[in-house]
Amino acid sequence: MGSADSKLNFRKAVIQLTTKTQPVEATDDAFWDQFWADTATSVQDVFALVPAAEIRAVREESPSNLATLCYKAVEKLVQGAESGCHSEKEKQIVLNCSRLLTRVLPYIFEDPDWRGFFWSTVPGAGRGAGEDDDENARPLAESLLLAVADLLFCPDFTVQSHRRSTVDSAEDIHSLDSCEYIWEAGVGFAHSPQPNYNHDMNRMELLKLLLTCFSEAMYLPPAPDSSSVNPWVQFFCSTENRHALPLFTSLLNTVCAYDPVGYGIPYNHLLFSDHREPLVEEAAQVLIVSLDHDCATPTVDGTTTGTAMDDADPPGPENLFVNYLSRIHREEDFQFILKGIARLLSNPLLQTYLPNSTKKIQFHQELLVLFWKLCDFNKKFLFFVLKSSDVLDILVPILYFLNDARADQSRVGLMHIGVFILLLLSGERNFGVRLNKPYSVRVPMDIPVFTGTHADLLIVVFHKIITSGHQRLQPLFDCLLTIVVNVSPYLKSLSMVAANKLLHLLEAFSTTWFLFSAAQNHHLVFFLLEVFNNIIQYQFDGNSNLVYAIIRKRSVFHQLANLPTDPPAIHKALQRRRRAPEALSRTSSQEGVSMEGSHPAAPAEPGTLKASLVATPGIEKLTEKSQVSEDGTLRSLEPAPQQNLAECSPASEDQEPSQAWREQRRLSSASAGGQWSPTSEWEPQPLPQVLSWKSKLPLQTIMRLLQVLVPQVEKICIDKGLTDESEILRFLQHGTLVGLLPVPHPILIRKYQANSGTAVWFRTYMWGVIYLRNVDPPVWYDTDVKLFEIQRV
């Protein structure tokens, strides 16, 4: 039968289903078989031939027929899994049922009355002639998930058969040890099976169905308590699924072993099509959704439990995928995972050397979520990443994505996850130390050319984000500067370009109108002063560029020390701002040309879809302060009742983080031209508050430095009639301030801490990405999702 005929027959069956007002019996095989037995339709055909309006019509007008269709399709999958899918016909039936369920499930999830349907048992559901009582019957969802798991290790359908003999000795699906059939070499598995196009395609269809099952989460509004467990994921990742381990390993290895280059030969992808990519993408999405688990067990005071009792291994989470991920520990496994993720994240950057030489992958957001989960759930992995300079192979692509996406409001989520990962890494001393490695790779980025280290790259990119990013990035400014504070005690020598960028930020953030126009703005100045203090106190010797920049811009520090705090002066500063816009995007004299081959960051194309995100918690909720002791260990600082205002928000902040955040962030917004303009309805801060934070500005170290060095530098200039910077820099390089500065302050690190706010943020971000990336077929398009809103830019 031709494919046109089979499409026609399938369409006739769909029309019959939508027009029948009477329930069709489950036993009427002649009717139901039309949907899967004789047809050869692709998943795209199924989406075209089963329109959304018709699915909803059946759901409303003949619900029992929709119920029977779902039940019969699951029954066929279960039969296929039981028999091992030996004949071509059985394979076709399994694929057709899988496609049909992928099409229908979102319309079941969008209706609250139907959501429980798959968790009910179907009475008399053809389980033999009444052998089993209905009490023993599994809920439909469980039967479906177990069948899909079995089918993913079905010899000659989704995995290579190990048997060479005739069909009679076909492997019994129940005695099969699926650990011998892991899809790809890597973690815990050394054998790399022959690639097989058909197996990859069949796996992909089943994974798409699995992802659709898990997507019930999209139809529930974001819950502030992250305890909302997804029952589909919970069951699939439980001990009930005998394939949990080989499946977890297959997904992880398939992603990390993928090399999109085209077997190492440039331009090879233009000759051969790469059927692996869609499978890898699907595997990455199923994997991150399976790992959506809130691991932190908060105690009463909100900190995570960490006691001496931790030595006895706590029972791992019930979610086996999380459990397996947290228990990976072999160096070679970590190496394999890190190399794989770094290779894939760097793929878009390779494009720029030899345009189109490699196949460009699109799933970097899923990879970033996976990397985040690995670091969050497996501390040994995090330390492994930081132990060598391989962490820079993750850092550079992240900075590339941040810089590239900064003007595009549809990629605000990508900006957040990149910054969260850097915040997590910056809490570890090794990260700061690694940043001193010279940066020579030269990925074409739209940033000033500089010669220096990875720390310089980080600072230059952060400056660019703050001064010319989309205005919706303002809530990230605290995070960006916290990262710089965390690494600052370890930075051995900043380049002149980076030093000027830091001073330019201080200049912009310390203007009176900015300081007074929102309750939180002074934090940014406190962070920058802390950066300067850390570098002067701990890394003075190599940082003559920064010291010189501070001396040149000394007026900024004097203005801060003499900040007016009387109401008329505050009012006047705010009035003055209304009249004269002073661009933050002013370029400093050093700002040269951008790198060769770079493209400016562009805003989203009109008509781009984006998914909304929940607000992220403020920096004080995201991080926990620790002090670095003499021996380099960290000890957590219990917040004192009256905390230093430099480091925490005003005492009034007992609202929910997101609301407080929105309130305090009625920040002056960077308008489209990259210029700062305050929003319409701010009120100046109350005077006592300004006085209280002004008195805590940590200016002593810098003022002492200026007091000692400025006269010496001026003397050199007068004596030698100098206008030459290099002479002054040479003098500063050999200078010392030993014994002249205040006693070094203890180093404070703000470490990321898991909290329910970020757990909800990750869930909405991840599902938003999956929704927007699955366009062929458009699995969730135009269904009534509740977890986020889809907007056009």
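Hi everyone, let's start at a helix pair: Leu66, Leu69, Cys70, Ala73, Val74, Lys76, Leu77, Gly80 and Ser83 of helix 5 meet Glu90, Ile93, Val94, Cys97, Ser98, Leu100, Leu101, Val104 and Ile108 of helix 6. By class, this contact of helix 5 with helix 6 has 13 nonpolar, three polar and two charged residues. Here contact means heavy atoms within 4.5 Å. As for the classes, Ala, Val, Leu, Ile, Met, Phe, Trp, Tyr, Cys and Pro count as nonpolar, Asp, Glu, Lys and Arg as charged, and the others, Gly among them, as polar.

Before going on, a word on where this comes from. This is a predicted model, in which local features need pLDDT of at least 70 and side-chain atom pairs count only at pLDDT 80 or more, while totals for chains, interfaces and linings use all residues. Residues are numbered from 1 along each chain as its sequence is written, and side-chain values use heavy atoms, with hydrogens and water left out.

Back to our pair. Helix 5 covers residues 63–83, and it packs against helix 6 at an angle of about 140°, with the axes 9 Å apart. The axes are lines fitted to C-alpha atoms, for helices over the stretch in contact, and the angles run from 0 to 180 degrees between N-to-C directions. The crossing of these two helices is left-handed; that word applies if the near helix is turned anticlockwise from the far one by less than a right angle, and right-handed applies if clockwise.

Let's stay with helix 6 and pick out serine 98, which is found there. Is serine 98 buried or exposed? Serine 98 is buried, with a relative accessible area of 0%. Buried means under 20% relative accessible area, exposed means over 50%, and partly exposed is in between, using a 1.4 Å probe and protein chains only. Leaving aside neighbours within four places in sequence, serine 98 is in contact with Leu77, Glu205, Leu206 and Leu209.

Now let's zoom out. The protein chain has 32 helices and seven strands. Helices (H or I, at least four residues) and strands (E, at least two) are DSSP runs, numbered from the N terminus. Of the 793 residues in the protein chain, 56% are buried. Among contacts between residues at least 6 apart in sequence, 79% join residues at least 24 apart.

Next, salt bridges. A salt bridge is a side-chain nitrogen of Lys or Arg within 4 Å of a carboxyl oxygen of Asp or Glu, and by this rule the count comes to 33 salt bridges.

Glutamate 88 is exposed at 59% relative accessibility, whereas lysine 91 is buried at 12%.

Another salt bridge joins aspartate 200 and arginine 203, at 3.2 Å from N to O. These two are three residues apart in helix 8 (residues 197–214), so about one helical turn separates them. Aspartate 200 is buried with a relative accessible area of 1%, and arginine 203 is buried at 6%.

Then there is glutamate 331 with lysine 387, whose closest N and O atoms are 2.9 Å apart. Which parts does this pair tie together? Glutamate 331 lies in helix 13 (residues 331–350) and lysine 387 in helix 15 (residues 379–387), so the pair links parts that are 56 residues apart in sequence. Glutamate 331 is partly exposed at 46% relative accessibility, and lysine 387 is partly exposed at 45%.

Last stop: a loop. Serine 238 is found between helix 9 (231–236) and helix 10 (244–256), and it counts as buried at 15% relative accessibility. How many residues apart along the chain are serine 238 and asparagine 319? They are 81 residues apart along the chain, and their C-alpha atoms are separated by 5.8 Å. Not counting residues up to four places away in sequence, serine 238 touches Ala244, Glu318 and Leu320.
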